[in-house]
Amino acid sequence: MKLNNLNDLLIHELKDIYNAEQQITKALPKMMKATSSNQLKKAFEDHLKVTEQQIERLEKVFELMGEKAKGEKCKAMEGIIREAESMMEEKADASVMDAALIASAQRVEHYEIAAYGTVCTYAKQLGMNDVLKLLLRTLDEEKKTDELLTTIAESSVNIKAER
Ligand code: FE
Ligand code: FE
Ligand code: FE
């Protein structure tokens, strides 16, 4: 499909994120199993629920744009998740593994922050206020999750991993 304008590019980007979010829903349960920190496990569990809502929100966005909700393989997310999976196969002390899980999870969140930041900018440019509102909510959730992961790392996991 030829991309003729910013609207086409927005749809293209949304399909990428839609697929990325679906990949994340499959990765988070594995990360929940790999952690031995209850705090981190809860953070992953909560973010899984949030991610499911984000997928529904994207479906609403597609509907508002008169497009059918369809993903397109996000190869970047596939790569980030593959790295996380190979890290989970390493032998590591429990708290070191937790630190590594946070590192992987933050790569996921940073990709999402970049992606949602871009689609928010496009939606704003295109005057799509309802779409923008939905995407801003998700962007905010991704940022909050990233901040929470930093807090867990700095206040507990990294300290335990240091020993
Ligand atoms: Fe997400
Ligand atoms: Fe992508
Ligand atoms: Fe996320």
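Donors are N, O and S atoms within 2.8 Å of the metal. In this predicted model, the iron ion (ligand 1) is coordinated by Glu-21 (OE), Glu-21 (OE), Gln-54 (OE1), Glu-112 (OE) and Glu-142 (OE). These contacts span 2.0 to 2.3 Å. Along the chain, the donors of the iron ion (ligand 1) follow the spacing E-x32-Q-x57-E-x29-E. Glu-21 belongs to helix H1 (residues 6–34), and Glu-142 belongs to helix H5 (residues 129–162), so the pair ties together parts that are 121 residues apart in sequence. Both Glu-21 and Glu-142 are buried.

The iron ion (ligand 3) has its own set of protein donors. They are His-47 (NE2), Glu-109 (OE), Glu-109 (OE), Glu-112 (OE) and Glu-142 (OE). Their distances from the iron ion (ligand 3) run from 2.0 to 2.6 Å. The spacing of these donors along the chain is H-x61-E-x2-E-x29-E. His-47 sits in helix H2 (residues 38–64), while Glu-112 sits in helix H4 (residues 94–125), so this pair ties together parts that are 65 residues apart in sequence.

The burial of these two residues was also computed. Buried means under 20% relative accessible area. His-47 has a relative accessible area of 5%, so His-47 is buried. Glu-112 has a relative accessible area of 2%, so Glu-112 is buried.

Finally, the two sites are linked. The iron ion (ligand 1) and the iron ion (ligand 3) lie 3.2 Å apart. Glu-112 coordinates both ions.

Note on methods: Residues numbered from 1 in each chain as written. Chains lettered and ligands numbered in written order. Predicted model: local features only at pLDDT ≥ 70, side-chain atom pairs only at ≥ 80, totals over all residues. Heavy atoms only, no water. Helix = DSSP H or I, 4+ residues; strand = E, 2+ residues; numbered from the N terminus. Buried < 20%, exposed > 50% of the residue type's maximum accessible area, 1.4 Å probe, protein only.
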